[in-house]
Amino acid sequence: MEVSFGIKGKDYVIFASDSSANRSIVRMKANEDKQKVIGKHLVMAYSGEPGDTVQFAEYVERNLRLYQIRNHIPLRPSSAASWTRQSLATSLRSRKPYSVNLLLGGYDPTSSTPELYWIDYLGTFGDVPYAAHGYGAYFALSTMDRWHHPEMNLEEGLELLRKCIGELETRFIVNLGEFTVRVADKDGVRLVPLKPVSNPLVDPVPPALPVPAVAA
């Protein structure tokens, strides 16, 4: 049970992933980082089979780095996403395909624009304003559709992310724990602390006011 979100704003892209490593009904780890920084302005959030995800993320990171060393220039987000999709599609036709779902994107300093791409394990590829993988898509896509707009500043984007996580915490039967949040913009990639989300079904209800006694 994994969740990853991507939100593209005016000049940034936000990535959020749950930090739980689970096996069957057991939580094995609560601080798993399911994102990989694959460039100065590039981030990839991954989910799927545990071995496949880490191996494929490192494979993409090292190959993008090799391209930069050979050509003295990094790949732009669109080119990196296209190459990653092709790698997944090629593995799908092999004996050992990767079972990995990806959100890949970042800031393109050449065009000064943010970019976000949705890629699934079948090699399906799309340029999107917002995205979700895993069970979070069932709960959060309608919220994103309602509140997202292309000119959102960073604080508005983080507030939309809080709304999406709040929907999960309210409606989803499993507690996914803390979320890892990264922002990619013109200054690079950085971790962003997310304020706790208020949950009306979990947060304590304030005590009721005392009822005045009625005279006999």
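Student: Where is K195 found, and how do you know that K195 is exposed?

Tutor: K195 is found in the segment after β12 (188-191), where a strand is a DSSP run of E with at least two residues, a helix is a run of H or I with at least four, and both are numbered from the N terminus. Exposed means over 50% relative accessible area, buried under 20%, and partly exposed in between, with a 1.4 Å probe and protein chains only. K195 has a relative accessible area of 58%, and therefore counts as exposed. This is a predicted model, in which local features need pLDDT of at least 70 and side-chain atom pairs count only at pLDDT 80 or more, while totals for chains, interfaces and linings use all residues. Residues are numbered from 1 along each chain as its sequence is written, and side-chain values use heavy atoms, leaving out hydrogens and water.

Student: Why is H149 called partly exposed?

Tutor: The relative accessibility of H149 is 34%, so H149 counts as partly exposed. H149 is found in the loop between α3 (136-147) and α4 (154-171), and its C-alpha atom is separated by 31 Å from that of T53, 96 residues away along the chain.

Student: What makes S47 buried, and which residues does S47 touch?

Tutor: S47, which lies in strand β6, has 5% relative accessibility and therefore counts as buried. Not counting residues up to four places away in sequence, S47 touches E2, S4, T53, S99, V100, N101 and H133, where a contact means heavy atoms within 4.5 Å.

Student: What makes a region a pocket, and which residues lie nearest the centre of the largest pocket?

Tutor: A pocket is an open set of points, on a 1 Å grid over the protein atoms alone, where a 1.4 Å probe fits and protein lies on both sides within 12 Å along at least five of seven lines; lining residues have an atom within 4 Å of a point. The largest pocket is lined by 28 residues, of which M1, E2, N22, K34 and G48 lie nearest its centre. The elements giving two or more residues to this lining are β3 (21-23), β4 (26-29), β6 (42-48), α1 (50-71) and β10 (130-134).

Student: How many helices and strands are there in the protein, and what percentage of its residues count as buried?

Tutor: The protein has 4 helices and 12 strands, and 42% of its 216 residues count as buried.
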